[in-house]
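Good morning, colleagues. Please look at the model on the screen while I describe it.

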Amino acid sequence: MDCMGSFCEGEYCMVSQYAPRWGSARWGEPEVVKGCAKGSMLGKDVRSHCEYAEDSDEPFTCFCNGKDLCNSRKTLRKIEREDVELVQCVCNGAHCKNDKTCIGELCTYVVNHKTKEVEQGCTNASVPLIERRAIGSCMAPPITGAMHHNVAKDAQSLLAVESCICGTDYCNSEKPSVSVPENEKCNAYVEVTTMGTTTKSKNISCSGEYCFTASIKSKLGIMSAYRTYGCASFTGEDPLPEELDPTGCATFTSENLEVKTCYKTSDKNAVGRALASKQIPESRQSKPSKGSSQKSQKPKPKQVEVEYDNEEEEEEEEVKPKAKSGKSAKDRQKAAEEARKEKEEEEEEEEKEEEEEEEKEKEAKETAEATTKKSFIFQKPTQPPIPDDSNTTMITVFVLIILCILGSGIVWKFELHKKLRRSNYDSVAGG
């Protein structure tokens, strides 16, 4: 089926989050990634649903099938919603500062066996699929770069680190105990590429219930590649996620991110334990009882190929006929057009939402301004306006000056007339 994310093809469409990290250091901002999921580790009938953290309106993980481009924003709103409670964990280490507890999707217990340094804390899933399969296990080395907090500085020092992750309250108060047989002999190796520089560890061996491999190729953040393989053992306290099978490979592909993880074991009892603990969603619990589902699932390990190399070959053989019998050019063109329409509709919806938010903000500001003005009026008593008499005063002064000039002119004229009369009188009298 076709999915949003470079119009990739896979068995299921998926939405997840990717946060490039090295321990507690962020090597890029968390981003939502849309793409395709496929592989022999994925279940045969994955339920379409979205998982939401507490008090969140945006999902952090979605699976959907049955319809092309079902992981578009518009379609995801219509599928089943599942709220996931965050867990409280013990926090101990440099990353905790003064906090004794923390809240996250998973609790962690990390120990560096070389330096004897121990840190406890919380983490959120940083990569699609990989950490989902690792829940409830102790692994060496850590399967992603986000799982060691501050106890490792580089790829070589990461080899000595064992990381345990669990999903219940305060499950990291002490190191989770593993009581299952660890009969698998695995290679352990770490390779990290950041800013064009690749660092590699030595290739050593380890023992566990399963052997795992994981690879991440990313165009997001400064870590462009992370590749590791090692060993993992499960405590049995956390269920196997409903979308996954115990062994095989699973791949997530989007335009900026490619993730692949594989688990293998030759221990049939390990596969049986994982299947017995597989998560059953509430919407499907009414169909078979837990006991009957376990009985029906027990024969499944006989059909599971536990050899890692064979699984990869089978997966490649499965991909080849799919590519040959793939969709025609018209179907692909039609799917691309539908994807463009979906994107345009999403952009229009986002624009409408932004406009509505802007209008609400404007209304809120206007209301706040109006409230402020009213309160100002009531808080301070009003006074009648002081009349502006500046023009009247100027006119009055000007008139007074003119009157003074006229008065002085009349007096001067009168005195002059008086002097002329006297001079005339004197001249007549003298003559």
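This is a predicted model: local features need pLDDT of at least 70, side-chain atom pairs count only at pLDDT 80 or more; totals for chains, interfaces and linings use all residues.

Residues are numbered from 1 along each chain as its sequence is written, and side-chain values use heavy atoms, with hydrogens and water left out.

The protein has nine helices and 22 strands; these are DSSP runs, H or I of at least four residues for helices and E of at least two for strands, numbered from the N terminus. Of its 431 residues, 39% are buried, meaning under 20% relative accessible area with a 1.4 Å probe, protein chains only.

Now to strand S20, residues 223-234, where nine of the twelve residues are buried. Which strands does it pair with? Strand S14 (residues 137-140) pairs with S20 in the antiparallel sense over four bridges; strands count as paired if DSSP finds at least two bridges between them. Here Met-139 has Ala-232 of S20 as its bridge partner. Strand S16 (residues 184-194) is also antiparallel to S20, through six bridges, and Val-192 is partnered with Tyr-226. Strand S19 (residues 210-218) runs antiparallel to S20 with eight bridges, and Tyr-210 has Ala-232 as its partner. Four residues lie between the strands in the hairpin of S19 and S20, where Gly-221 takes a positive phi near 80°.

Finally, Leu-406 belongs to helix H9, residues 390-430.

Technical notes. Buried means under 20% relative accessible area, exposed over 50%, partly exposed in between (1.4 Å probe, protein chains only).
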